Each structure stands twice: as structure tokens, then as C-alpha cells.
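Please open the model in your viewer and keep the sequence panel beside it. The stops below say what to select and what to look for there.

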Amino acid sequence: MAKSLTPGATAGGSKKKGVKEYTGRQKAAIFLVTIGSEISSEIFKYLREDEIETLTFEIARLETIDSEQKDAILQEFQELMMANQFISTGGIDYARELLEKSLGSQKAIDIINRLTSSLQVRPFDFIRRTDPAHLLNFIQQEHPQTIALILAYLEPNKASIILQNLPHEVQSDVARRIATMDRTSPEVLREVERVLEKKLSSLSSEDYTAAGGVESIVEILNLVDRASEKQIIEALEDEDPELAEEIKKRMFVFEDIVMLDDRAIQKVMREVDSQELAKALKSVDNEVQDKIFKNMSKRAASMLKEDMEYMGPVRLKDVEEAQQKIVSIIRHLEDTGEIVVARAGEDELVV
């Protein structure tokens, strides 16, 4: 009498592997085997060397896959491709709506979650894991626009190391390109990554991603050494005065005054008009106010508090203008060497 089999069991007694138990790499390997070597070889042309090696290894260790499992994996690929097309056509919400109509709510949510998690991978991911010193040697001969694109996708601390070690004649050009960068098309990203792929492993991206801008270069410049920052800003002032002024405004915000030591704050206060100071303190937290009051005489602090109280409501624009005037004074005193502004990553040794 033949031995009966429970669902999912094989004649040898081992349980058949469910489709959900396969890893993504295993599913990709099964997919390539199923569609045949001719089409698979065409797909391989668009993959990185490390991806080809991984898939080849998975294909070599595949066990027997029955037709039911193959069909399920092919169906899964079809659904993912369909969802990806919907997303590129009308966005996430549009894709979710169409998938819910054809596949049901839960399956639609599962597919969208899987796709959006993969879409969030940023370009040049491999570069963010590379040592900055090694990367500097690798990119410093590239065109300034290419360098700017790469630095815009790096963490600011790594980008600052590279920027401050670039040739002086290149630094300001790269800084300006980062600051004026907006959105980069996937075609440009792919082309840059293809060039870099010849030397290092790279990761391409299908979606438009935003990087760069004034905030990006400000973060980087706040971390470079003072000499490099000064040289870059001075060069930008000659090339693009408006951009240089915008960058300078954002590099040291009024609230950063708490980073100054008491002696520096006292020097700043001697240069500041009391009415401007009263307006500047209207919208800041207690930590900033206390730092200022602490460095004034009791009488002067009391008078300042009265001015703030009797001043009444002040337009935010007027507050920001007053704060910016004080920031300009701080930067001037720093440039003339009268005060020192602490920067992240710098030693606190003063000579």
C-alpha cells in the first residue's frame, strides 16, 4: 500500500519549501532559470559584477523546483513589475489604488511596501561606505560637477574632509555647484555611476532624487577647517556674491551664540545696539537668553528685559533681521581674530 503524503510533503519525507521561504536572491535565481538562458544573458548585461556572481552562485545551488513554485515566483515578479510601472506612471497612491482593485488590499500593501523600501536606496550608496581619503584620490581628477554630485550624496562629515583637501582652485567651484544643484535625472546618475563602476562597485537608481542645495553646502562648510571655509567663501564672493551671502547667513545662526565662550559674548555685546538685541531675543529659548543675560551686568540685564517686555509683539521678519545683524558682527569678529567660534570636529586648542 502506498504511503500517503500530507500537503507540502515529498516522498522522501521532507517538507516542500513554500515560495515565501525563499530569499529574494533565490527567487531571482529561479526566475532566471525559468525564463531561459537566452533572456537571462540579456538581463545580466544590466547587472553589476557582484550581482552576477551572487546570482550565479544561487543558480548553481538550486534544488529541484516544481512547476507550481515556478509559476508562483513568476506571478510575484509580474506583480512587482506591474506595481513599479504604476508607481512610475502615477505615483504611490495611484499604484496602490490599481493594485487593490486587481489583487486585494493586503497584497497591494505588501507589494507597495516592498517596492518603496527598495526605492529609498540613494545613489552612490557604495561610496558612502568608502574611506574619505581613498575616495579623495579616486575623484579629485573628475570634473567639478561630478565631484559636486558625489559630495552632495555623502554624509556632510565625509564630504567636508574631501572638500577641504581638494585643490584650492577647485574647492569654490565644487561648493558653488553643490549649492546651486537641484534635482538630478536618473539618466545622469546612471551615466556617472557607470563611469565610476569601472573602478568601484556602484548602485544605480531609477527614481529622481534630490540632493545638494544651499543647506547641503552649509552643512559641509560648517565641518571643514576655518582656512578652507574662508578661502571657499572668498572665492564665491568674487564669482557669485549673492550665493556667498546666502551661504554665510546660514552657516552660523543666532541660536549658535550659546557655543561662544563668555569672553567672546561680552565682546559681541559691546558691538551690538541694545534695541537690536532686545528684538533678536524675542523668539529664542531660555538657554540663549540666559547665556546673554549671564554676560551682562545685573543692571544692564534688567534694562534689557524691560525693553523686551515693553516692546510688545514684533514681526518675525524684524526679529530675524536683528538676529542676522548680530550674526554678521560675530562673523566679523571671528574674521579679525578677536573671537573664536567653535566648530564640530575641530580641536579646542587656541594659541
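Begin by selecting helix H7 (residues 132-139) together with helix H9 (residues 156-165), which pack at an angle of about 50 degrees with their axes 9 Å apart. H7 is therefore oblique to H9, a word for angles that are not under 35 degrees (roughly parallel), over 145 (roughly antiparallel) or 65 to 115 (roughly perpendicular). Axes here are lines fitted to C-alpha atoms over the stretch in contact, and angles run from 0 to 180 degrees between N-to-C directions. Helices are DSSP runs of H or I with at least four residues, while strands are E runs of at least two.

This is a predicted model, in which local features need pLDDT of at least 70 and side-chain atom pairs count only at pLDDT 80 or more, whereas totals for chains, interfaces and linings use all residues. Residues are numbered from 1 along each chain as its sequence is written, and side-chain values use heavy atoms, with hydrogens and water left out.

Next, show the side chains of Pro132, Leu135, Leu136 and Ile139 in H7, which meet Lys158, Ile161, Ile162 and Asn165 in H9; contact means heavy atoms within 4.5 Å.

Now move to Phe31, which lies in helix H1 (residues 24-35). Phe31 counts as buried because its relative accessibility is 16%, the cut-off being under 20% with a 1.4 Å probe and protein chains only. Leaving aside residues up to four places away in sequence, Phe31 touches Ile43, Leu74 and Phe77. Phe31 and Phe77 are 46 residues apart in sequence, and their C-alpha atoms are 8.1 Å apart.

Finally, select the whole chain, which has 19 helices and 2 strands.

Terms used: Buried < 20%, exposed > 50% of the residue type's maximum accessible area, 1.4 Å probe, protein only.
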